[in-house]
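Dear colleague,

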Amino acid sequence: MSRSAHPAGPRHADVLPEGHYAAPPADLNALDPKVWAQTVTRTAEGTVSVGGIDVKRLAEEFGTPAYFIDEADFRARARAWRTAFGADADVYYAGKAFLSRAVVRWLNEEGLNLDVCSGGELTTALSAGMPAERIAFHGNNKSAEEIEKAVSVGVGHIVLDSFQEIVRVAHIAERLGKRQRVLIRVTVGVEAHTHEFIATAHEDQKFGIALADGQAAEAVRRALKLDGLELVGIHSHIGSQIFDMAGFEVAARRVVSLLAEIRDEHGVELPEIDLGGGLGIAYTSDDDPREPHEIAKALSEIVTRECEVAGLRTPRISVEPGRAIVGPTAFTLYEVGTIKPLDGLRTYVSVDGGMSDNIRTALYDAEYSVALVSRTSDAEPMLVRVVGKHCESGDIVVRDAFLPADLAPGDLIAVPATGAYCRSMASNYNHALRPPVVAVRDGEARVIVRRETEEDLLRLDVG
Ligand code: LLP
């Protein structure tokens, strides 16, 4: 296990082998549709545009760094998930990937439900009109206030994550005179990797209740006894940025066998299973993500087959994609500042953002792509490391990539596939001002999350 292995998915932790980028891409001006949002294209003048608007114009109007989200692409991906899973299943967008009120409205209009994991996400969702019954509330340590709010507004599901929480939610619901629909989150003993999975007997992580040693069965026993709870199903989330379906299939099989055990012991067939999120996206041209319809087909086949074998009615399936919907729909636009060539090694290209707007490279050794977007260039490729303006050397946005050797201060470069877990994990490190999120569609651009200002910083700092 590398020093930075991360439970959210070892893919993040892959340390690039030496010489990974030994060969520069054939054409530095090309934009691989795998990693760029759908409407991103190079204009006749050589600049890049999104939603019909040139990035130079976007930079002038909104400044840099900034995230630009392709609204049509977001809606198309949300719709693709919805269509792939059909009317007998539910798609919950995982708000932790990126949540704003505009996004909530898009999801609502496209018929998706929403997974929230904090009071803040819940408030954002409700304030933008997401019906409470289409919200699932997650978290391994929900506060009493959060539970109380979720129950009082009538969220569709609370996903119970621990033995303590079974009792806590039941008490709060009873006190409020309610019966809360809940799922129990189990850890199925699958450790998901990108290209492999390792079945483990016990999971060494904070989430959920283990299937092993009869713990999940005991949780079900307790939940079924409590008047404040209506137990409707089992939840499993095996990890994130996963390409291989095998882990999901094992998880589905194990969840169905728990449903069969529950039927045998209690005479109850729980009507729902939620298989979580975690589907990987392309950050570089080397990644090959699965399409929603492939995922829907694989999951529904395995659940149907296993239920047939166990003599169970097929439960309603839910999934919770976050990254796979929003990730590919946005890019971060930066202006090139200083350039430092290190002969025979690489060139450091500093941009006007950094680890405060994309912590994923520093945190997970995540890989990203980058392109010069304010013009084309016929110059030779140079090996670059795109770094930020923060006071530490781990402030890396793109570890290894190629940009044209005539790159100069003032050029605009863009890092694609930053829609998920970049703005949502952004920080104020070094009192950086978090960048805006601008939605672009059909020739119109509008700010959906504004840029932070120094006044915002001072407002929090009460002296
Ligand atoms: N459902 C549950 C219960 C989750 O915990 C998560 C993600 C998702 C759904 C959505 O997973 P997705 O489809 O987006 O992979 N910060 C990390 C990712 C952490 C994911 C946490 N849970 C990153 O930047 O890669």
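Does I448 count as buried or exposed, going by its relative accessibility? Please keep in mind throughout that this is a predicted model. With a relative accessibility of 17%, I448 falls under the 20% cut-off and therefore counts as buried. The residue belongs to strand β23, which covers residues 444-449, and, once residues up to four places away in sequence are set aside, I448 touches I69, F98, S100, A102, W106, V437, V438 and A439.

The next site is K96, where an unreviewed UniProt entry places the feature "modified residue: N6-(pyridoxal phosphate)lysine". K96 sits in the loop that runs between β5 (89-94) and α3 (101-109), and its relative accessibility of 28% makes it partly exposed. Apart from neighbours within four places in sequence, K96 is in contact with D115, C117, E121, Y421 and S424.

Lastly, there is a pair of helices to look at. Helix α7 (residues 215-225) packs with helix α8 (residues 246-266) at an angle of about 50°, their axes being 11 Å apart, and the two are therefore oblique to each other. The crossing of α7 past α8 is right-handed. On the α7 side the contact is made by A216, A217, V220, R221 and L224, and on the α8 side by L258, E261, I262, E265 and H266; the residues of this contact comprise six nonpolar, one polar and three charged.

Terms used:
Residues numbered from 1 in each chain as written. Predicted model: local features only at pLDDT ≥ 70, side-chain atom pairs only at ≥ 80, totals over all residues. Heavy atoms only, no water. UniProt positions renumbered as here; feature names shortened; annotations may be inferred. Helix = DSSP H or I, 4+ residues; strand = E, 2+ residues; numbered from the N terminus. Buried < 20%, exposed > 50% of the residue type's maximum accessible area, 1.4 Å probe, protein only. Contact = heavy atoms within 4.5 Å. Axes fitted to C-alpha atoms, helices over the stretch in contact; angles between N-to-C directions. Parallel < 35°, antiparallel > 145°, perpendicular 65-115°, else oblique. Left-handed = near helix turned anticlockwise from the far one by under 90°. Nonpolar A, V, L, I, M, F, W, Y, C, P; charged D, E, K, R; others polar.
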